[in-house]
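Here is my note on the model, point by point. Please read it with the structure open.

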Amino acid sequence: MKHDLLGLKELNADQIRNILDEAADMKRVVLSKEKKIHNLQGKTVVNLFYENSTRTRLSFELAAKYMSANAANISSSGSSVAKGETLADTAETINAMGTDILVMRHNMSGAPHILSKLVDASVVNAGDGMDEHPTQALLDMLTMIEHKGHIEGLKVAIIGDIYHSRVVRSNIYGLTKLGAEVSVGGPRTLMPMGIDEMGVQVFDNVHEALVDADIVMGLRIQLERQKKGLFPSIREYFRFFGVDESRLKLAKPDAIVMHPGPVNRGVELSTAVIDGARSVITQQVTSGVAVRMAVMDMLVHGGF
Ligand code: NCD
């Protein structure tokens, strides 16, 4: 039976820990001079991206290449998707070319779940609408473990556009399963219904969410997904919810600052915080390649 990674909602704590353990080993490969292992030799990885992406797509592509797979990219502009081909027909084409792993990003929640039923390849969700982005949450957790040694008991404050964020949903599933305490903060208009039933503390201000946090995670204000003004202006957002150096003092003195990227400088986080000593944003990017290597290896060779 083939395995997919569609979300962290359906994984249990042990499965998440197994991926993080393997990712820690893969990180050594990413940081080595050689950057080459042969775990996916002869396998084909296709990145099918229906939404813009810089780091996630490159990260999957490099992860595949570091493991000696054949890697190819399809984006919606410049492919037959732009000519109106249906998801099902695209899937059939990909299937016919002997793809082993299909990495998919789509603006519609649930699209990878549909695709997974249509193809023989293992499907990895690289972000579906406002649903999940499991490898992002896994790379966030790997980075937290590298700095704090564990997830259990950590106080994680996630600040920003909670409503539109698939990153926050995957992080909530993963972090709460591994025993972290998660608080979310942001404008009330950017809080989804039912968020308080996800086992997190919800604040409509940034101060209370930040108190004593070990981890401060900013989330991008997703203007492209907002159909109407959900807050008055970017300037006002930063004044009330932006994390700057003075607000960061509310968190623990050794708190680290994270962001999945792309960052709107001076909106979610001040430039001083982004470039400051406590920011681990670039390490998250490196962890991302390791996590994707681990996930693809385990999908092909077992472990899920
Ligand atoms: C995130 C995404 O696409 O969901 N970015 C990413 O994968 N690095 C977050 C975002 O777009 O704000």
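**Notes on the ligand site and selected residues**

1. Start at the ligand. A polar side-chain atom of Arg220 sits 2.7 Å from an oxygen atom of the ligand. Gln222 also places a polar side-chain atom by a ligand oxygen, at 3.4 Å. Pro260 takes part through its backbone: a polar atom there is 3.0 Å from a nitrogen atom of the ligand. On its own the ligand has 320 Å² of accessible area, and the protein covers 95% of that. Keep in mind that this is a predicted model.

2. Which residues surround the ligand? The list is Arg55, Thr56, Arg105, His133, Gln136, Arg166, Val167, Arg220, Gln222, Pro260, Gly261 and Pro262. Two of these, Gly261 and Pro262, are joined by a cis peptide bond, with omega about -10°. Pro262 belongs to the loop between β9 and α10. Please inspect that bond in the display.

3. The loop that holds Pro262 also holds Ser270, between β9 (256-258) and α10 (271-274). Is Ser270 buried or exposed? Ser270 counts as buried, because its relative accessibility is 10% and the limit for buried is under 20%. Leaving out residues up to four places away in sequence, Ser270 touches Phe238, Val243, Asp244 and Glu245.

4. Glu51 has a relative accessible area of 17%, and Arg166 has 7%.

5. How many salt bridges are there? The count is ten. Another of them joins Lys27 and Glu146, whose closest N and O atoms are 3.0 Å apart. This link is also between distant parts of the chain: Lys27 is in helix α1 and Glu146 in helix α5 (residues 134-148), 119 residues apart. Lys27 is buried at 9% relative accessibility. Glu146 is partly exposed at 38%.

6. Helix α1 has a local pair too. Asp25 and Arg28 meet in a salt bridge, 2.5 Å from N to O. They are three residues apart in helix α1, about one turn. Asp25 is partly exposed, at 42% relative accessibility. Arg28 is exposed at 55%, because the limit for exposed is over 50%.

7. Lys35 has a positive phi of about 50°, although it is not a glycine. Lys35 is in the loop between α1 (13-31) and β1 (44-49), and is partly exposed at 29% relative accessibility. Asp212, likewise not a glycine, has a positive phi near 60°. Asp212 lies in the loop between α7 (206-210) and β8 (215-219). Its relative accessible area is 44%, so Asp212 is partly exposed.

8. Last, the surface. Met108, Ile114 and Leu118 make a nonpolar patch of about 250 Å². Ile114 lies in helix α4 (residues 111-118). Is Ile114 buried or partly exposed? Ile114 is partly exposed, with a relative accessible area of 41%.

Technical notes:
Residues numbered from 1 in each chain as written. Predicted model: local features only at pLDDT ≥ 70, side-chain atom pairs only at ≥ 80, totals over all residues. Heavy atoms only, no water. Patch = residues over 30% accessible without salt bridge, like charges linked within 9 Å, V, L, I, M, F, W, Y side chains within 5 Å. Areas by Shrake-Rupley, 256 points an atom, 1.4 Å probe, with all protein chains shown as cover. Salt bridge = Lys/Arg side-chain N within 4 Å of Asp/Glu carboxyl O. Helix = DSSP H or I, 4+ residues; strand = E, 2+ residues; numbered from the N terminus. Buried < 20%, exposed > 50% of the residue type's maximum accessible area, 1.4 Å probe, protein only. Contact = heavy atoms within 4.5 Å. Near = heavy atom within 4 Å. Polar contact = N/O pair within 3.5 Å; in protein donor to acceptor, adjacent residues only side chain to side chain.
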